[in-house]
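Subject: Structure for your files

Hello,

Here is the structure we talked about, with the sequence alongside. My notes on what turned up follow below.

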Amino acid sequence: MTKTLVIVAHPDLENSRINAAWIDALSGLPGVTVHDLYEKYPSRVFDVEFEQGLVDEHDRIVLQFPFQWYSCPPLLKQWLDEVFTSGWAYGPNGHALEGRTLAIAVSTWSREADYQRDSRYGRSIEDLTSPFEVTALRVGMRYQPGFFLHSSGDYSDSELSENARQYQQFILEPY
Ligand SMILES: Cc1cc2nc3c(=O)[nH]c(=O)nc-3n(C[C@H](O)[C@H](O)[C@H](O)COP(=O)(O)O)c2cc1C
């Protein structure tokens with residue numbers, strides 16, 4: 001069974017609707033570990049050895065976050081900077097991530113139509129999230145196309161339940 005680590009980075013999960021529903025949908029799924037960075041590290045000082053150990057135990061890493069200023073929340077960027085170290089993730093003897101899979105799951109307020117090259121932002125969501133793909137390739141990981149929810153403010157409760165079911169499938173599908 002594929003073991004999947006879902007790294008959640010939401011600075012205000014108490015007031016989250018989408019990411020909170022996604023976390024609920026993953027609860028108890030076999031082979032899935034949910035790891036909430038803002039909950040575990042209120043001081044924002046990582047236990048790097050623990051984080052690397054957690055990654056070591058999983059085949060696939062999914063980074064789940066709300067889009068913030070066309071990027072990820074700062075603690076996730078810090079996690080990448082401090083956990084993907086030289087000698088572990090890259091550089092001499094840095095092979096820990098090779099052969100694993102990386103994916104992202106991102107919610108946005110703006111509409112899907114805004115995230116098109118010929119539209120409001122002049123860039124697709126894949127363009128804007130390409131640093132995650134390049135990071136994965138740089139450390140020898142495979143990059144799985146992401147799971148995106150746009151127009152987060154427009155989702156009814158039943159639409160969100162259906163979307164959360166799709167997210168479950170995305171997480172459980174072998175890749
Ligand atoms: C500081 C901040 C920056 C944001 N930047 C963006 C953005 O660049 N693009 C966008 O579509 N939504 C943006 N949003 C909206 C959030 O992405 C949206 O509210 C969130 O994905 C909804 O998920 P949640 O219910 O889990 O919080 C931003 C929200 C905040 C608080």
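Which polar backbone atom lies 2.9 Å from an oxygen atom of the ligand? It belongs to Tyr70. Please keep in mind that this is a predicted model.

Ser16 places a polar side-chain atom 2.7 Å from a ligand oxygen atom. With Phe67, a backbone N or O atom is found 2.7 Å from an oxygen atom of the ligand. On its own the ligand exposes 640 Å², and the protein buries 73% of that. The largest pocket is the space that the ligand takes up. There are 16 residues around the ligand, and those that come nearest are His10, Ser16, Phe67, Ser107 and Tyr115.

The other residue I looked at is Asp36, which belongs to strand β2, residues 32–36. Is Asp36 buried or exposed? Asp36 counts as buried because its relative accessible area is 15%, and the cut-off for buried is under 20%. Leaving aside residues up to four places away in sequence, Asp36 touches Val8 and Leu13.

The Asp36 side chain also reaches two backbone nitrogens: that of Tyr38 at 3.2 Å and that of Glu39 at 3.1 Å. As for Leu80, 44 residues separate it from Asp36 in sequence, and the C-alpha to C-alpha distance between them is 14 Å.

Regards

How values were computed:
Residues numbered from 1 in each chain as written. Predicted model: local features only at pLDDT ≥ 70, side-chain atom pairs only at ≥ 80, totals over all residues. Heavy atoms only, no water. Helix = DSSP H or I, 4+ residues; strand = E, 2+ residues; numbered from the N terminus. Buried < 20%, exposed > 50% of the residue type's maximum accessible area, 1.4 Å probe, protein only. Contact = heavy atoms within 4.5 Å. Polar contact = N/O pair within 3.5 Å; in protein donor to acceptor, adjacent residues only side chain to side chain. Near = heavy atom within 4 Å. Areas by Shrake-Rupley, 256 points an atom, 1.4 Å probe, with all protein chains shown as cover. 1 Å grid on protein atoms, 1.4 Å probe; cavity = no way out; pocket = protein on both sides within 12 Å on 5 of 7 lines; lining within 4 Å. Sits in = over half its atoms within 2 Å of the grid points.
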